[in-house]
Amino acid sequence: MTDHLDAATAGPVRDLHAFIAGLPKAELHVHHVGSASPRIVSELAARHPDSKVPTDPEALADYFTFTDFAHFIEVYLSVVDLIRTPEDVRLLTYEVARELARQQVRYAELTITPFSSTRRGIDERAFMDAIEDARKAAETEFGTVLRWCFDIPGEAGLESAEETARLATDDRLRPEGLVSFGLGGPEIGVPRPQFKPYFDRAIAAGLHSVPHAGETTGPETVWDALNELGAERIGHGTSSARDPELLRHLAEQRIALEVCPTSNIATRAVTTLDEHPIKEFTRAGVLVTINSDDPPMFGTDLNNEYAVAARLLGLDEQGLAGLAKNAVEASFMDAAGKKRLADEIDTYTASWLAS
Ligand SMILES: [Zn+2]
């Protein structure tokens, strides 16, 4: 584990770990392939012995120790290379749900990049069936509700945008669990406005808009995401802190930021956790949600991100329950689902504090 995680476990936060571990939660910003833990990668690597990814858990732990960001990308792509068949897709999705359930995540919007799979020759119908089959099994067996966000890998250009919009809006393909449309990848050199026609199509088809913005570029990218792509939530939005008018707008419109603290350090979007703008966000009244992004790849999980947030914001149990309820409010669950999960959070918190 790295320095910032040690820092997160120091002091009074330590007493909150058990509370966080049992707290019912919603996760709104977590990537499908980026959630492949060493255990899952080992299973996938065993299915494809010709890959260079080790299967032995100890060797894998070394493999997952990144020397720098370029190394992280290299490892990430080697994991992408292990997803070759619909059965691989199903295994990954189902096992990711198991790990979310272990952390008491009741509801997750998982960001999936179908273009990475269909481009590699996985049949699109079989891909949709695999994720849907895993979704239904996870709900029955683990009690975790999964929903999908299909995202455009920005670095792959407009061809990938066209393909992602087609897969998300074609009635014969679109999976039942799909609720939103996103945009990931690098921001520098990939202006958001060029993706407007694809977001327009997705929104017209009833999908919510949740692009990444303002992670590695300035607040103008967040304005572009709002004005050009109709963003209803912002992935990261870290640089919003530099624009008071933007913070006011986000707060007034209840547009949530999907904050992923450890990811921001790992990718150097923020230099140190103590400099993370999460405090400015909450001070400005912005709806802050806590998320994990690519958890095993950044040596974290959602529970750890809540512990980090507790330390940065000086939160107690009630404060943590408030963060968990922010995610419920900002989710795309229906009203009944939101009420159920918010009530469960309140009941858990009350009984914890009474004990
Ligand atoms: Zn992300």
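E317 is placed in helix α16, which spans residues 317–330; helices here are DSSP runs of H or I with at least four residues, strands are runs of E with at least two, and both are numbered from the N terminus. The model is a predicted one, in which local features need pLDDT of at least 70 and side-chain atom pairs count only at pLDDT 80 or more, whereas totals for chains, interfaces and linings use all residues. Residues are numbered from 1 along each chain as its sequence is written, and side-chain values use heavy atoms, with hydrogens and water left out.

E317 is buried but has no salt bridge, and K25, the nearest side chain of opposite charge, is 13 Å away. Buried denotes a relative accessible area under 20%, exposed one over 50%, and partly exposed a value in between, with a 1.4 Å probe and protein chains only. A salt bridge requires a side-chain nitrogen of Lys or Arg within 4 Å of a carboxyl oxygen of Asp or Glu. For charge, Lys and Arg count as positive and Asp and Glu as negative, while His and the chain ends are not counted. Apart from residues up to four places away in sequence, E317 touches L16, F19, T349, W352 and L353, contact being defined by heavy atoms within 4.5 Å.

L23 counts as buried because its relative accessibility is 0%. With neighbours within four places in sequence left aside, L23 is in contact with Q103, Q104, Y306, L320, A321, A324, I345, Y348 and T349. One of these pairs spans much of the numbering: L23 and I345 are 322 residues apart along the chain, yet their C-alpha atoms are separated by 6.6 Å.

In soluble globular proteins, nonpolar side chains tend to be buried together. The largest nonpolar core here has 107 residues, and F195, I234 and Y306 have the most contacts inside it; such a core is a set of buried Ala, Val, Leu, Ile, Met, Phe, Trp, Tyr and Cys residues joined through side-chain atoms within 4.5 Å. Beyond residues up to four places away in sequence, F195 touches I152, G154, G157, L158, A161, L183, V190 and L229.

The metal site comes next. The zinc ion is coordinated by the NE2 atoms of H29, H31 and H212 and by an OD atom of D293, at 2.1 to 2.3 Å. Donors are N, O and S atoms within 2.8 Å of the metal (3.2 Å for Na, K and Ca), and sites may look incomplete because water is not among the atoms. In sequence, the donor residues follow the spacing H-x1-H-x180-H-x80-D.

T111 belongs to strand β2 (residues 105–112) and is buried at 7% relative accessibility.

Turning to charged pairs, side chains of opposite charge can pair when their charged atoms come close. The count comes to 25 salt bridges. R39 forms one with E43, their closest N and O atoms being 3.6 Å apart. Both residues lie in helix α3, four residues apart, about one turn of the helix. R39 is partly exposed at 35% relative accessibility, as is E43 at 33%. S42 also lies in this helix, which covers residues 38–47, but S42 is buried, with a relative accessible area of 16%.

R172 pairs with D170 in a salt bridge whose closest N and O atoms are 3.0 Å apart; R172 is exposed at 66%, whereas D170 is buried at 15%. A further salt bridge joins R254 to E329, with the closest N and O atoms 3.2 Å apart. This pair links distant parts of the chain, 75 residues apart: R254 lies in the loop between α12 (244–253) and β8 (256–259), and E329 in helix α16.
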